[in-house]
Amino acid sequence: MPTSLSTRLLFDFHREKLALEWVAGHSGGARPINVCKPSPATPFSAPSSLATSSRTPENKALVGRLNLIYPNLIQVVGMSEMSYLAGLGKNSHEDALRQLFEGKPAVVIMTDKEHASPALSAELVQYAERSDTPLFISRLSSDAIINHLHYYLTNLLADKVVLHGVFMEVLGIGVLLTGDSGVGKSELALELVSRGNRLIADDSPEFSCIAPDTLNGTCPALLRDFLEVRGLGVLNIRAMFGDSAIKNNKYLRLIIHLKRMGDEEVRNLDRLQGNHSTCRILEIDVPQTSLPVAPGRNLAVLVEGAVRNHILSFSGYSAANDFAERQRQYMVQASDETAYS
């Protein structure tokens with residue numbers, strides 16, 4: 001799918017699902033759905049092993065009911081809008097239609113075809129032809145059209161970033177495995193799949209900001225189902241483990257960063273709290289846990305342990321705080337026993 005599209009492509013993609021008919025303004029088929037200029041790429045504070053990012057343009061309101069003050073790119077005219085236009089005086093009625101098309105929407109969609117006024121339909125066709133504005137009609141309701149297109153366009157035109165790593169579903173949540181090349185990400189992913197977890201994307205997962213606090217991760221079509229493991233080559237995980245070993249998309253909830261550390265670095269790690277931080281991606285802070293890579297460490301077990309600990313932390317539980325509180329109570333109890341002895 002493209003990251004921006006014309007009205008003609010929009011019509012082709014959704015013609016059957018939304019029961020669309022193109023009745024006027026065919027010469028405007030090249031109008032872009034996204035007309036805003038691209039904003040500069042947002043700095044991405046993350047380990048150097050992650051790839052560069054790219055952002056799609058920041059968009060105005062994409063789709064909605066008829067709005068003449070803040071026009072939508074896709075103006076939807078349903079039963080409520082028809083009643084409103086029919087109730088206007090002649091001059092106001094003509095002014096409203098003129099404003100609608102002078103706002104240069106990418107497309108006007110007239111819904112509830114069976115209940116549409118023939119006179120209003122003819123007027124819309126006339127204005128659409130005069131202004132080269134694509135006019136679609138559908139038998140579906142305005143709510144059905146708006147909900148479907150809003151979801152589709154929000155995902156299609158969302159800010160996106162491609163990261164270097166392996167994206168997986170581990171114990172039900174989206175986990176991105178990162179680290180320097182050759183650190184063992186793919187081998188770890190293969191072991192996690194063999195333990196019942198699921199692969200989403202190897203090497204270049206793509207993340208989209210679909211809500212203020214949500215990153216949706218997917219796999220480019222070319223790489224879907226494949227995992228490259230040094231010494232084994234490219235493996236088809238779906239063919240090896242079945243459909244249940246593959247997941248199409250998942251929200252990113254945790255980053256596991258694999259890092260080679262020397263003995264001194266390992267000794268300096270916080271043994272109570274662990275090595276936790278956050279990684280900022282597309283203006284969203286994602287929790288990150290760094291795991292030392294060393295011979296003899298079972299990284300698959302450690303990753304699953306990190307995920308379980310993250311789930312507990314998300315629910316408000318902290319093992320480190322629990323342990324510290326238990327120590328405090330023990331010291332208070334010991335102090336009291338000493339005082340009474």
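Strand β1 (residues 20-24) pairs with β5 (residues 135-138) in the antiparallel sense over four bridges, where strands are DSSP runs of E of at least two residues, helices are runs of H or I of at least four residues, both numbered from the N terminus, and two strands pair if DSSP finds at least two bridges between them. The model is a predicted one, in which local features need pLDDT of at least 70 and side-chain atom pairs count only at pLDDT 80 or more, while totals for chains, interfaces and linings use all residues. Residues are numbered from 1 along each chain as its sequence is written, and side-chain values use heavy atoms, with hydrogens and water left out.

Within β5, phenylalanine 136 is the bridge partner of tryptophan 22, and isoleucine 137 is that of glutamate 21. Strand β4 (residues 107-110) runs parallel to β5 and is joined to it by three bridges, with methionine 110 having isoleucine 137 as its bridge partner. From β5, Leu135 and Ile137 point one way and Phe136 and Ser138 the other, and all are buried, that is, under 20% relative accessible area with a 1.4 Å probe and protein chains only.

These pairings belong to an open sheet of five strands in the order β1-β5-β4-β3-β2, with mixed pairing. Because β1 and β2 (63-65) stand at the edges with a single partner strand each, one side of each is left without a neighbour in the sheet.

A second region is organised around nonpolar cores, meaning sets of buried Ala, Val, Leu, Ile, Met, Phe, Trp, Tyr and Cys residues joined through side-chain atoms within 4.5 Å. The largest has 29 residues, and Met168, Leu177, Ile237, Ile256 and Val303 have the most contacts inside it. Elements that each supply at least two residues of this core include β7 (165-170), β8 (173-179), α6 (185-194) and α9 (299-314). Apart from this core lies another, of 23 residues, among them Leu5, Ala106, Tyr152 and Leu156.

Helices α6 and α9 pack at an angle of about 70° with their axes 9 Å apart, the axes being lines fitted to C-alpha atoms over the stretch in contact, and angles running from 0 to 180 degrees between N-to-C directions. The two helices are therefore roughly perpendicular to each other, a term for angles of 65 to 115 degrees. Leu188, Glu191 and Leu192 of α6 make the contact (heavy atoms within 4.5 Å) with Leu299, Ala300, Val303 and Glu304 of α9.

Notes. Buried < 20%, exposed > 50% of the residue type's maximum accessible area, 1.4 Å probe, protein only. Parallel < 35°, antiparallel > 145°, perpendicular 65-115°, else oblique.
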